[in-house]
Each structure stands twice: as structure tokens, then as C-alpha cells.
Amino acid sequence: MKTGTVEMDEIIAVNTIRKDFPILATTVNGKPLVYFDNAATTQKPWAVIKAIENYYTQLNSNVHRGVHHLSQRATDAFEASRKKLAAFINARHDYELIFTRGTTESINLVAHSFGKQFVNAGDVIIISALEHHSNIVPWQMLCEEKNAVLKVIPINEKGELLISDFKEMLDEKVKLVSINYVSNSLGTINPVREIIELSHQKNIPVLLDAAQAIQHLPIDVQELNVDFLAFSGHKMYGPTGIGILYGKEKWLNQMPPYQGGGEMIKTVTFEKTTYNELPFKFEAGTPNIEAAICLGAAVDYINSIGLQNIQQYEHELLEYTTDKLSVINGIRFVGTAANKASVVAFTIDNMHPYDVGVILDQLGIAVRTGHHCTQPLMDFFCIPGTIRASLAFYNTREEIDILTEGLKKAVSMLA
Ligand code: PMP
């Protein structure tokens, strides 16, 4: 297909790339799998799958504690992966990256540790109406514990943040702003530069939940000047059970440990424990070594395609999808922000999203239906949920055509 100026295939050779993902060649209910649930988790390329096999056949050993050969090699690979991730987001120092279980744990770490140190009764934490539950609940828990106040940046009907309201919320009581870069339910790309600048004018740090941004957009933490960044490996073609919390050294150094245990200590006596340096202060216990190492393989894979190409291709595919689906009887798009990542969410008049999802599944098409862990956002739109197709660079226009036909079928069956 001809897009704005170039052929989409010139941006990404999608048919070649699809061969990197073995699961894309499988069938579901006798039909070729059409996978549009990438915002929930992405599929894994051979590069990652083989790295997992390589780890368990060649490297498996605990890190940081052994003098023996395998332990040294596992430690080297683990730290090399941290370096790769640091370069990927252009962090100033490797030790500003903490390995966590994922975005959820990264946010909880900040809520507990930053919250313990810096948040007191009457203070304010700001989030937005677009947040995933994992960027709501930890702050609610903190506010409850500390008698602090949670404030929410409102949105308009398109699903865009109301920045003028945000400006008015910023005062000396605000201790942290925590918002997503890209909304998982609507695809809205938030004006994070502006949000960070406005917050910094009042000396307020900003946490970005980048769970839905890291796989779609190039991110440079120094250029953004963001204070904390959280993301998950499994949404960026890497393994589950691993993620990153990036934090500026100046904040991480002032924050107390999140969990106690091995690795995070320097010395322990029954009277007193002294804590390890960054990043180990925040990495109690044996980490998910395999996943941390293989996340490095995912970064290499993404770099081999190039985030600029991914962004451009996915943008073209988003436009194609929006165009194609607009012919479906009764469709209403939910989330029509001017600046969007490749998420298309919608309802169909008089049909429950779940019923549509079940029919699509029979056709081998994987979409997600429901509230997408953003119940307050669904309440804003007065709907129980949406049907969401979230696209990745391995998705094709042909798959969008299959989805369109599947939806027409669902409409005729459920009407
Ligand atoms: N924030 C956003 C915007 C998300 O989309 C998700 C995952 N759906 C999360 C946080 C939580 O990520 P995880 O479950 O990997 O911790």
C-alpha cells in the first residue's frame, strides 16, 4: 500500500520479520493466528527464545556471589544487559537502572520508597484519568497510609489530558507527578515533555509509566529530563517477570531500600545493617537472571529494526486500521487523540465487547475486551469496556482486513 510518501514495505520488510516470531505461524481454531493483543504482551522473536535456551544450557548460575567461572559469566551477562538497557534509554549511569519484575513493581517501589521518604500528611500526588490500575492503586495505598491526597488530571472526550487544569494543580504540596507516556486503553501519547517541564518549574519530580511507550517510541531519559521511568520486558518482545525502574541517581540515593534481603546489604549484624550501593540497594534476593539477560537480547532485536522505523510503520498501520474499521456498522472509536500510538479501541452499538471478542477468537483473531485495567477511564466514557486491537510492527494490512471481515461477521451474527 502507498502511504503518505513511501511504501510501508519499504519501512519494514514485514513478511521477513514475521519469520522471526515462530508463534505467528501457528493456527488458532484452525485459522492462522492474527495477534492484536500486543499491549497486553508482545510475542517473542527467535533471538529472545534462543537467548533463553542459551542461558540455561551455557550460563545458568547465581549472580554477584560466586568466584567460579559460571557465576562470573552469568554476572557479566546480567550486567551487560543492564548496560544495554541503559544505552537504550540513554541513562547517564548503568546503576540508575534497577531490575524489577515489571512496570507494576517499579511503580510500587517508588510509591513505597519515595513515599516513605518524601510524602507526608496533606501532601499531594498527581496522576491522570488515563492511568492503568498499576499507576493508581499504589498511590492510593500510599495516600491512605500517609494521609496524603491523590489528584487526577482530567481528560477531554478524545482522551487527551487537560493541561490547563494540570497547571492549576501544581503547587508546593505536590510531591510527585506520575503519569503514563502512552495510554494502554486509548493509545493517547501524552505531552510528557511539557508535563515534565511544568512540574520541574515547581521542583516536582515526574515518574513516567512507559509500559506502552518503550516498544513504540525512542526514549531518551536525559533529554526528557524525567526523574523516574518504569517499563516491562514482556511488552517489548522480551521475557515476562522482568522490568526496569530507571531513577535519577540523586533520587535513588535519597530513597530507602524497598525490600530487605541478600544482595542489597553491605554488612549485616543483629544490631545494624548497612546497605549496598546502587543499583543493588534496590535488588534484594536472587533476581530473574535469565529474563534480565534475555531482555538484553530483545533490546538488540529492537535496535536491529530501529525504533524510528517501528514508529513510522505502526503509525501507517494505525491509520490504515482506523480507516478500514470505520465502515463497520455501529462502531464508535474510544480514544481519538491527535497524537496516538498503535492502539485502536472501540465499541459497537448494542453489542457487548465480550461477545464480539468470542466471535473474533473463533476466527483466530486475538483482541482484548474489557476495561483493560483502567476502570475509572471506562467510567469516564460511561462504558463497561471496549474491544481493543493493539498493533505491533509484525502486524500487516492483510491482518487488518481479516479483522474487518471478522467484525462484519460479528455484527451480522449479533445484530
Ligand atoms: N501501565 C500500563 C500503561 C500498562 O499497559 C501495563 C500493562 N498492561 C502496566 C502498567 C502494568 O505492567 P505489568 O503488568 O507488566 O507490570
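This is a predicted model: local features need pLDDT of at least 70, side-chain atom pairs count only at pLDDT 80 or more; totals for chains, interfaces and linings use all residues.

The space taken by the ligand is the largest pocket, where a pocket is an open set of points on a 1 Å grid over the protein atoms alone, with protein on both sides within 12 Å along at least five of seven lines, and where a molecule sits in a pocket if more than half of its atoms lie within 2 Å of its grid points. Residues are numbered from 1 along each chain as its sequence is written, and side-chain values use heavy atoms, with hydrogens and water left out.

Which residues surround the ligand? Among them are Thr103, Thr104, His132, Asp209, His234 and Lys235.

Now the polar contacts, which are pairs of N or O atoms within 3.5 Å. One oxygen atom of the ligand is 2.5 Å from an N or O atom in the side chain of Thr104, an oxygen atom of the ligand is 2.7 Å from such an atom in the side chain of His234, and a nitrogen atom of the ligand is 2.8 Å from an N or O atom in the side chain of Lys235.

Let us turn to salt bridges, each a side-chain nitrogen of Lys or Arg within 4 Å of a carboxyl oxygen of Asp or Glu; by this rule the count comes to 16. One of them joins the side chains of Arg82 and Glu79, at 2.8 Å from N to O. These two residues are separated by about one helical turn, because they are 3 residues apart in helix H4 (residues 69-88), helices being DSSP runs of at least four residues, numbered from the N terminus.

Finally, the backbone: the peptide bond from Leu278 to Pro279 is cis, with omega near 0°.

Definitions and conventions. A residue is near a molecule or strand if one of its heavy atoms lies within 4 Å of it. A polar contact is a pair of N or O atoms within 3.5 Å; within protein, one must be able to donate a hydrogen and the other to accept it, and residues adjacent in sequence count only if both atoms are side-chain atoms. On a 1 Å grid over the protein atoms alone, a cavity is a set of points where a 1.4 Å probe fits but cannot get out, and a pocket is an open set with protein on both sides within 12 Å along at least five of seven lines; lining residues have an atom within 4 Å of a point.
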